[in-house]
Amino acid sequence: MSSTILNLPDQSTATVPKRNYLTNENGLMSWLLTGDHKRIAILYLISITFFFFIGGALAGLIRLELLTPQSDLMASDTYNKIFTMHGVIMVFLFLVPSVPATLGNFMIPIMVGAKDLAFPKINLLSWYLYLVGGGMTLAAMITGGVDTGWTFTTPMSTHFSNTNVVTTGLAVFVAGFSSIFTGLNFIVTIHRMRAPGMTWFKLPLFCWSHYAASILMVLGTPVLAITLVLVVLERTIGIGVFDPTKGGDPILFQHLFWFYSHPAVYIMILPGMGVISEVISTFARKRVFGYTAVAFSSVAIAVFGFFVWAHHMFIMGVSNYAVLVFSLLTMLVAVPSAIKIFNWAFTLYKGSITFETPMLYAFGFMGLFTIGGLTGVFLGSAGTDIHLTETYFIVAHFHFVMVGGMLMAFLSGVHFWWPKMTGRMYPEKISQLAAVVTFIGFNFTFFPQFLVGMLGMPRRYAAYPQEFQVLNVFSTAGASILGVGYLLPIIYLLWSLKYGAIAGNNPWRATGLEWQIQSPPLTENFTTIPIVTQDVYDYEWLDAQKEHEVTHVG
Amino acid sequence: MADLQTEHHEHEPEQHAEDHIVSPAVYAVILGALLIGTAITIAASYLEMGPWNPVVAIAIACAKATLVVLFFMHIKYSSKLMKLTVGAGVFTFLILVGMSLSDYFSRAWGQW
Amino acid sequence: MSDSHAIAAAGEHEVHEEHPPYLRHHFVSMEQQTETTSFGMWLFLLTEIMFFGGLFTAYLIYRNWYYPAFVAGSHQLDIFWGSLNTLLLICSSFTMAMGVWSAETKRHKGLVWSLIGTLILGIGFLGIKTIEYTEKYEKHHIPGHNFDWKGFTNPTQEEIAKGDKPLAPDMAQKTEVYFSLYFAMTGMHALHMIIGIALLCGMLFKALRGGYMDGHIAFVENFGLYWHFVDIVWIFLFPLLYLISRHQ
């Protein structure tokens, strides 16, 4: 790990540029009323980190309870609330907005060569809606919690639960609109605000991934919204849409809920995949293999993602024919994801690979997402799903793709673009250590869960048979290591804001418009609108250029 | 600079799509068609057509909606992108309705 | 925000000169701004399609399951009010389209009268909905604790003459599902109408003071799109809710 592509300016003379988006205006109001996509990205970054640690603390409580087979740390009712809140916070308040609202908001206008997103005020509104949704969720949590599972399954959520279902349902409704507005902004920006010469196929794959995810956000989230409205109405006034005693069908709730929630997992992972494309090409000094295939597979994942939702419902009472069709379609949807993994692997082949922190996280992503994705095939196959569903196998599957996949991609992206966003480098050695600790902790936490799930341990139970304890203890031990791995970045990233090395415009000698402007960027991003003539990921051109040409637009 | 970007945009046909101002005469014709469609749909509901009643009702409603989208909402005179956008929305709606209904309809078919 | 016109390209600065006051700085030209806001509005309407889509899905499933109950429930709706409402909304779509045309062609009086017409028709629609909802309340057809399904097992002489058949008790109870969907769908639609009317009032107020006559009419155009969409939802709601099997 001695070779590095890191290319910092002379530290004895370098300074962070005096005029940048952080220093442009001062005062709290300039932040709270900003239209600047970069400031909004930072506001989001702080907010989602806050919610991540609350969700993480809840995860810690879950793992503590599961150290012993009895439900001794907390009563079952309380345990239900803990895993529900963990799920709601992690899915809706962390994973869905993580990369799009932070890195996407920050980078997409710069990557397409624009001065801001298409609708800056809507962008700010999106953040406020996120805060309202988050606040309502916290309120629901503090005043008694919710115990229905993050999936709000009826008739538990509509009739039998005595907890804050209405508040949480409305909170998610509001947070959903935050997501919709972000996606809407991205689609319009990518279509309409590209600089001269920035054709679709010169766009970084980060943009393609966000475009695909945004389509899902815009088309899928409203269905969740109406579903939650119906649950709230049923719970408050007693309309009988999902109530069997009044002729309603609880399965209808699940159809409507999963119509969004399956595309939601692609909303969560696609932006992460965009990050991985950028990181792998930069740290292998090579154009992404099969750019077109990766771009189109992103859109294909988005489109196919709408056709498979009932694979979450195989055992719920849908018809056998529906099971057959949805199972087949689920097999198809795995293909575009696999295409991306193959393309990233071929990008690495004969590349000049170095192991900086973003690349370590990217490697972690590739391995763990592949395992998670492959286990998804067992779940998509209806026959095996009958055995594995509602067990810890499912829990392990989605944590592998979401935590081993998405969260690692998020950390990869944050480290990769940290110098651009802040003008400072993070400390490399400790961050590499944190990445390794995270990887080890993750595997210890979640791999045993595959085993224990296959052996039959059900999910969402505080108590379990004695024979599963050893694996559960392993898992909890891993979780404590994982926690350390997540705490370290908070510490050293904050440290780097004051003491980190000055990054300069392009510390990674990467391609892309964002690396040709100052770090941190100006409020207006570019002093002149760039005219794009360069192909995307053109490392040969880059390596042949002088420093100035690499780091300045025009 | 800015003008270069404008030059670039002038070459894109999409940018000139919405120059067309639709005349009131067109709007009046469409209004007439919509009112006639409403009258037909009410009349048709009084006719006994068996399983075709809902089909006719939805078909007329789709026709009316299409007229509104094309003319009142100017899609006929808009860029391909706008047309594609509307199509994407309708498509996704049909997937939601169609695939959900396919479960319900096939439940009665029994085991295999 | 700093002016980024640093580099002078040879000569042409037309776009810079005609820099209208309402051109936002992250856009390069008015054309880009207009196209972009219109696109954004259409994407928002897509979310509305999917939002109502969930309700239509529920409706189609339960209509298939409980057809006799849906017939009976539908016959409780007054076809006169429903048809009149449809008429009002279609005409309001016409007046709104005329309003957009007036704004495009800078006709001040035309715009004001079109908006007033749209407003009156919209309020008329809501007024009729209030009449209908009140009737439902009086007949105990609002889902929930007070829902009375017994009237469907024993229809009145009048109703029998119009073709209503008595329903078995379990099917009669399913009329509550019909009315749940009726109130959810028309209620959600009415909520959108109320929001539209509020925006319309704001627009009318600005138009009365001479607004929208300088070519900056994006708000009028995009509001028009919203209003037409709400009309389209009703175009589907009307036959689905009011016109189930009116033939006997």
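Two residues are in contact if their C-beta atoms, placed from the backbone, lie within 7 Å. This is a predicted model: local features need pLDDT of at least 70, side-chain atom pairs count only at pLDDT 80 or more, and totals for chains, interfaces and linings use all residues. Residues are numbered from 1 along each chain as its sequence is written, while chains are lettered from A and ligands numbered from 1 in the order in which they are written.

**Exercise 1. Describe how chain B touches chain C.**

Step 1. Take the residue counts. Chain B puts 40 residues in contact with 45 residues of chain C.

Step 2. Find the elements. Helices (H or I, at least four residues) and strands (E, at least two) are DSSP runs, numbered from the N terminus. On the chain B side, two or more residues come from each of helix H1 (2-10), helix H2 (24-45), helix H3 (52-72) and helix H4 (80-106) of chain B. H4(B) gives the most, with 10 residues.

Step 3. Sort by class. Ala, Val, Leu, Ile, Met, Phe, Trp, Tyr, Cys and Pro count as nonpolar, Asp, Glu, Lys and Arg as charged, and the others, Gly among them, as polar. The side of chain B that touches chain C then holds 25 nonpolar, 12 polar and three charged residues.

**Exercise 2. Work out the make-up of chain B.**

Step 1. Count the elements. Chain B has four helices and zero strands. Its pattern along the sequence is α-α-α-α.

Step 2. Check burial. A residue is buried if 20 or more other C-beta atoms lie within 10 Å of its own, exposed if 12 or fewer, and partly exposed in between. Of the 112 residues in chain B, 31% are buried.

Step 3. Domain bounds come from an automatic or database domain assignment. The assignment gives domain 1 (22-77) and domain 2 (79-112). Their C-alpha centres lie 22 Å apart.

**Exercise 3. Describe how chain C touches chain A.**

Step 1. Count. The contact takes 34 residues from chain C and 36 residues from chain A.

Step 2. Find the elements. Helix H2 (30-65) and helix H9 (175-208) of chain C each supply at least two residues of the chain C side. H2(C) has the largest share, 17 residues.

Step 3. Sort by class. This side of chain C divides into 16 nonpolar, 15 polar and three charged residues.

**Exercise 4. Locate the largest nonpolar core.**

Step 1. A nonpolar core is a set of buried Ala, Val, Leu, Ile, Met, Phe, Trp, Tyr and Cys residues joined through C-beta atoms within 7 Å.

Step 2. Give its extent. The largest one has 275 residues, and Val112(A) and Leu181(C) have the most contacts inside it. Helix H9 (residues 250-284) of chain A gives the most to this core, with 22 residues. Domain 1 (22-77) and domain 2 (79-112) of chain B both give residues to this core, so the core lies between them.

Step 3. Look around Leu181(C). Beyond neighbours within four places in sequence, Leu181(C) is in contact with Leu55(C), Ala58(C), Tyr59(C) and Tyr62(C).

**Exercise 5. Judge the confidence in chain C.**

Step 1. pLDDT is the predictor's confidence in each residue, from 0 to 100.

Step 2. Read the values. Chain C averages a pLDDT of 88, and 92% of the residues score at least 70. Over residues 1-16 of chain C the pLDDT is below 50.
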